[in-house]
2 protein chains.
Amino acid sequence: MTRKVTIRDLAEAAGVSVTTVSQILNGKGERFSLDTRRRVHQLQEEMGYVPDFNARNLIMKSAQTIGVLVPNLGNPFFSMFIRGVQETSRERHFIPLIFGANHDEQLESYYLEELIKRAVDGLIIASASITAEAIDNILKKNGIPYLLIDQNGGPSVDRVRINDEQGGQLAADHLVALGHQKIAVVMPDEPTQNLQIRLAGFKQRLAEHHIDLADSAVTHSEMTKLGGYQATKAVLAQHPTAVFAINDETALGLMRGLHEQGVSVPQDISVLGYDDIDLDEYVVPKLTTIHQPVVTMGQQATGLLINRIQDQRQAAQLVDLPVDLRERESTAPLK
Amino acid sequence: MTRKVTIRDLAEAAGVSVTTVSQILNGKGERFSLDTRRRVHQLQEEMGYVPDFNARNLIMKSAQTIGVLVPNLGNPFFSMFIRGVQETSRERHFIPLIFGANHDEQLESYYLEELIKRAVDGLIIASASITAEAIDNILKKNGIPYLLIDQNGGPSVDRVRINDEQGGQLAADHLVALGHQKIAVVMPDEPTQNLQIRLAGFKQRLAEHHIDLADSAVTHSEMTKLGGYQATKAVLAQHPTAVFAINDETALGLMRGLHEQGVSVPQDISVLGYDDIDLDEYVVPKLTTIHQPVVTMGQQATGLLINRIQDQRQAAQLVDLPVDLRERESTAPLK
């Protein structure tokens with residue numbers, strides 16, 4: 001078997017010392033001849049030498065690494081979020097280590113601990129099931145900068161804030177403007193804080209239009225396609241003319257369920273989602289939704305976290321991001 | 001700001017030496033009293049001390065880490081693959097570092113280099129655009145075990161092999177059995193090796209039924225929903241009664257495009273996909289497809305790679321995985 005090419009191998013091949021190679025490769029080789037510098041760089045390429053980061057890491061006390069924990073890589077919302085994280089990480093010369101916890105609290109704790117063992121410089125936690133206790137016990141005690149997205153765990157120092165209240169209001173405004181009054185909601189049993197705020201905005205705006213959203217009008221389901229699908233009968237039992245699904249995956253599952261029950265969307269029931277995942281444009285009918293700027297969220301979260309890593313003493317950073325309605329084919333005026 | 005809790009802090013709090021703490025936490029504390037051992041473990045928990053992995057790593061020469069490179073985290077096929085990777089990694093006490101390269105060759109090389117800098121123990125590369133040259137130059141020269149999935153880069157020592165030829169044959173059998181003879185294909189312009197084999201199996205089986213698949217019947221598109229959508233007009237120009245889309249994402253985009261052109265699936269045109277992503281069950285009509293056991297692929301690939309990491313001298317490992325037809329609603333007998 002071959003083994004990893006070392007700096008020693010490269011130095012030997014170039015006929016110079018390890019220190020010389022190290023200085024040249026770290027851009028501090030001005031004092032060596034152009035010929036030597038060229039030879040070292042050329043041999044590096046030919047031999048496929050890649051500097052060992054772990055050794056450097058112990059010296060530099062920074063691996064230039066951030067950990068990113070999301071609940072579900074299978075939801076396009078999070079793959080789009082990660083695209084944003086990757087873009088900004090690259091610009092700032094950091095590497096994002098990505099973990100999807102499949103909504104498993106135990107797996108989340110495990111990854112969290114492994115990330116800290118690996119001395120990540122900071123963490124973005126977009127995972128709902130992490131507890132405030134875990135954050136206090138693991139992150140705060142170890143002084144690791146972190147940023148929470150969509151959390152129950154209390155605010156982090158820095159925040160990327162999506163206006164969920166406004167999102168809920170826009171959802172209500174849209175359905176009310178179409179003439180709907182009998183409205184149902186599908187959302188999880190134990191909603192995260194952002195979902196609670198979203199629902200509060202929705203209810204408050206309905207109330208302003210003298211429409212009461214009874215507790216019985218809220219069907220509980222997991223925030224997945226399957227969850228939305230399984231909620232179908234409970235939703236139909238409410239005889240709504242419009243449904244607000246708390247995220248797009250739920251809405252898409254519900255639309256399939258309604259189709260199987262012979263219910264036409266939007267002719268019989270309007271369905272409104274939330275997130276604006278890429279899939280919305282491809283399903284039949286296209287899904288009307290509240291757009292969250294999720295790629296931007298990923299970019300901004302990463303930028304703020306890296307700022308914090310590089311200067312832990314700076315003032316708290318806050319970014320507010322807007323939401324807006326994307327009207328497509330799944331909602332229609334009440335007949 | 002707080003700082004990371006160190007082993008020194010813990011030793012001080014416990015009133016013992018750093019060596020004592022280290023031995024106890026590494027399960028080698030038999031010679032210390034039960035009371036001391038309990039105190040150290042309890043304080044570890046209370047203080048939130050997590051051992052520093054990078055320091056251990058340099059000593060142990062293994063970070064128990066594998067790198068996983070996929071072309072597109074947004075395709076459910078790859079998020080399901082990663083689910084399998086995560087499951088087996090956890091069982092085997094490895095951590096998978098996941099990177100989605102968004103079909104960007106430059107980004108792939110960048111991640112590959114960063115992974116090697118971080119001294120990953122091995123790599124799973126499910127990304128199509130990596131070149132045989134990059135593999136030779138970077139992986140082989142550094143003696144890093146790797147496993148390729150769906151590649152052009154030539155076979156790796158160990159292989160998880162999906163029978164793409166059989167997949168193509170099953171696709172042809174299904175469409176022919178339904179009476180279709182005018183068949184179109186949608187696939188990328190520069191297909192990876194597995195796709196070439198898939199197409200070869202498809203054509204060969206059609207030929208056995210005396211059906212010729214003309215080159216003009218193959219429309220080229222990216223393997224994304226958008227790619228499938230954009231291929232719609234070129235597909236319709238062939239006047240097929242059935243279309244074989246080389247993956248499900250392509251099929252879903254094409255189905256949306258056909259809907260917009262007033263073409264009903266499967267009444268006017270049958271659409272057959274490949275992969276069996278979770279979405280297939282939720283779209284209207286449900287997508288008929290060739291099932292790939294992708295979670296199992298992720299599990300097996302990870303198992304083989306870790307076997308190889310733990311014993312680089314063992315014989316080449318080969319796992320063959322079957323494919324099968326999942327008949328749903330998007331294909332129907334020729335009228």
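Predicted model: local features only at pLDDT ≥ 70, side-chain atom pairs only at ≥ 80, totals over all residues.
Local features require pLDDT of at least 70 and side-chain atom pairs count only at pLDDT 80 or more, whereas totals for chains, interfaces and linings use all residues. Residues are numbered from 1 along each chain as its sequence is written, and chains are lettered from A in the order in which they are written.

The largest nonpolar core comprises 177 residues. Such a core is a set of buried Ala, Val, Leu, Ile, Met, Phe, Trp, Tyr and Cys residues joined through C-beta atoms within 7 Å; buried denotes 20 or more other C-beta atoms within 10 Å of a residue's own, C-beta atoms being placed from the backbone. Ile124(A), Leu254(A), Ile124(B) and Leu254(B) have the most contacts inside the core.

In chain A, helices H1 (residues 7–14) and H2 (residues 18–25) pack at about 100 degrees, with axes 8 Å apart. Helices (H or I, at least four residues) and strands (E, at least two) are DSSP runs, numbered from the N terminus. Axes are lines fitted to C-alpha atoms, for helices over the stretch in contact, and angles run from 0 to 180 degrees between N-to-C directions. H1(A) is therefore roughly perpendicular to H2(A) (65 to 115 degrees).

In chain B, 6 strands form an open sheet with mixed pairing, in the order E7-E6-E8-E9-E10-E12; strands pair if DSSP finds at least two bridges between them. The edge strands are E7 (218–220) and E12 (324–326). E8 (residues 242–245) and E9 (residues 270–275) pair in the parallel sense over 3 bridges, with Ser270(B) as the bridge partner of Ala242(B).

Methods: Buried ≥ 20, exposed ≤ 12 C-beta atoms within 10 Å, placed from the backbone. Parallel < 35°, antiparallel > 145°, perpendicular 65-115°, else oblique.
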